[in-house]
Amino acid sequence: MKFETKMAAWIPLSLKMSPSASWGCRFLLGEKHSSNKLRKSLADFYRRGYAVTVQEAPVEENGSSAARFSGPLDHYTGLIRDGSLREDEHQRAVLEKLEQLHKTLGGYSNIPTSIFSKFFTKPKAPQGYYIFGDVGTGKTMVMDMFYSYVETDKKKRVHFHGFMLDVHKRIHRLKQRMPKRKAGKMAKSYDPIAPVAEEISEEACLLCFDEFQVTDIADAMILKQLFENLFLNGVVVVATSNRPPEDLYKNGLQRVNFVPFIAVLQRYCQTLRLDSGIDYRKRNRPSAGKLYFLASEPDAEATLDKMFDELAFKQNDITRPRVLNVHNRKVRLNKACGTIADCTFEELCDRPLGASDYLEISRLFDTVFIRHIPLLTLNKKTQARRLITLVDALYDHKVRVVILADYPLEDIFVHEGDHGHDEGHIELMDDLGLKRFLSP
């Protein structure tokens, strides 16, 4: 099965947020920049998914947009000229590099041109890019702009979680095809990673990853071999991340086995930093409908009930429990109607759910209510990780999210206790944007 992707709608960073998409600026962002993954993902929901004046990806079906601009850098310059974007030298510097790669990829294929070249030579792939920097600085925007202008059918823009789930499915499928071991005989060792990389290489010569991050040990242990084979098969990688390569999977289990992947990534992808010191999500946002509610607000529950009923009224369905089938497991959601799901934090994050479950929810629903999000201390770090993975999946599939929480977003993660000198806890605090809080 080929991995499925959706091209994210591209929206100029200076565009205002839509009336249906904002849940209140004072709850969305603190005064200073933060590496908080959840805040970034939630903020980007309302920057990218629902604006009335959204400018779609540069290449449209009728080709009219493509006719206007010659490439990503020309498009960026045009948007500055007409006032949709403001000039940012850091974004321009990255786009100048991506413009060069765009030109280099013209006519590029990682498939040998003849049967003889297949046996004697491998295609020489251009170097890709790993773009990292603070949240809200335009990394996704510049990558999507580049992706839209690359003229090949063999390109994939994928979210990293979804990509790795697909890789593990392929590995499982290949292992299942192996002949059964005969009684009394040792089974021959079989490594499916190289064949999986070859499959993917046949489907794509360009892979663009948004939100490149490594949190799962099962992913971490195979990345070096997987990507080394992808690169050797001529695949070009462009990725965005909040972390520099050397900080990937920091403090992860058995990281010593992961570290060689960093060298492979740096060999085949040039590292670019996009960090202008400006969070464009904070600029020029219009008045907006509210999608983030506090439990302390009067009639907050009733307001969410009314929102759900109004949305459910338009569905060709009744309000009922839904049972999702995820890899032959049953995942029950207590309240749903058509493409609307009304869930609690306990339902989504207190259970042992993972990326595959959240991706299935993102596939089936276009609006998800998440109620009763509590204060998240380090004692709830597992639930906090799940919430980040959930929001990541919903964001990438442009699902609208309505939240009811006990605290404003900038206060929802709190570091409590005496773990301040534990490197693992400090790293988790960095991932989640946890505040230090000492009880009196």
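Student: Hi! What kind of model is this, and how are the residues numbered?

Tutor: Hi! It is a predicted model, where local features need pLDDT of at least 70, side-chain atom pairs count only at pLDDT 80 or more, and totals for chains, interfaces and linings use all residues. Residues are numbered from 1 along each chain as its sequence is written, and side-chain values use heavy atoms, with hydrogens and water left out.

Student: Let's start with strand S3. Is it buried or exposed?

Tutor: Five of the five residues of S3, residues 206–210, are buried, so the strand is largely enclosed by the rest of the structure. Buried means under 20% relative accessible area, exposed means over 50%, and partly exposed is in between (1.4 Å probe, protein chains only). Strands here are DSSP runs of E with at least two residues, helices are runs of H or I with at least four, and both are numbered from the N terminus.

Student: Which way do the S3 residues point?

Tutor: Leu 206, Cys 208 and Asp 210 point one way, while Leu 207 and Phe 209 point the other way. In a regular strand the side chains alternate between the two faces of the sheet.

Student: And which strands are joined to S3?

Tutor: Strand S2 (residues 155–159) runs parallel to S3, with five bridges joining them. Strand S4 (residues 236–241) is also parallel to S3, joined by four bridges. Two strands pair if DSSP finds at least two bridges between them. To find these on screen, look for Lys 156, whose bridge partner in S3 is Leu 207, and for Cys 208, which stands opposite Val 238 in S4.

Student: New topic: rings! How many aromatic pairs are there?

Tutor: A search of the whole structure finds 15 aromatic pairs. Rings of Phe, Tyr and Trp (its six-membered ring) pair if their centres lie within 6.5 Å; planes under 30 degrees apart are stacked, over 60 edge-to-face, and the rest tilted. Take Phe 227 and Phe 231: their centres are 6.0 Å apart and their planes are at 55°, so the pair is tilted. Both lie in helix H11 (residues 223–232), four residues apart, about one turn of the helix.

Student: Which pair links distant parts of the chain?

Tutor: Phe 308 and Phe 369 form an edge-to-face pair, 5.9 Å centre to centre with 75° between the planes. Phe 308 is in helix H13 (residues 300–313) and Phe 369 is in strand S10 (residues 367–373), 61 residues apart. Phe 308 is buried, with a relative accessible area of 0%.

Student: What lies over the face of Phe 308?

Tutor: Lys 335 does, at 4.5 Å from the ring centre. A charge sits over a ring if NZ of Lys or CZ of Arg is within 6 Å of the ring centre and within 35 degrees of the ring normal.

Student: Is Arg 170 buried or exposed?

Tutor: Arg 170 counts as buried, at 1% relative accessibility.
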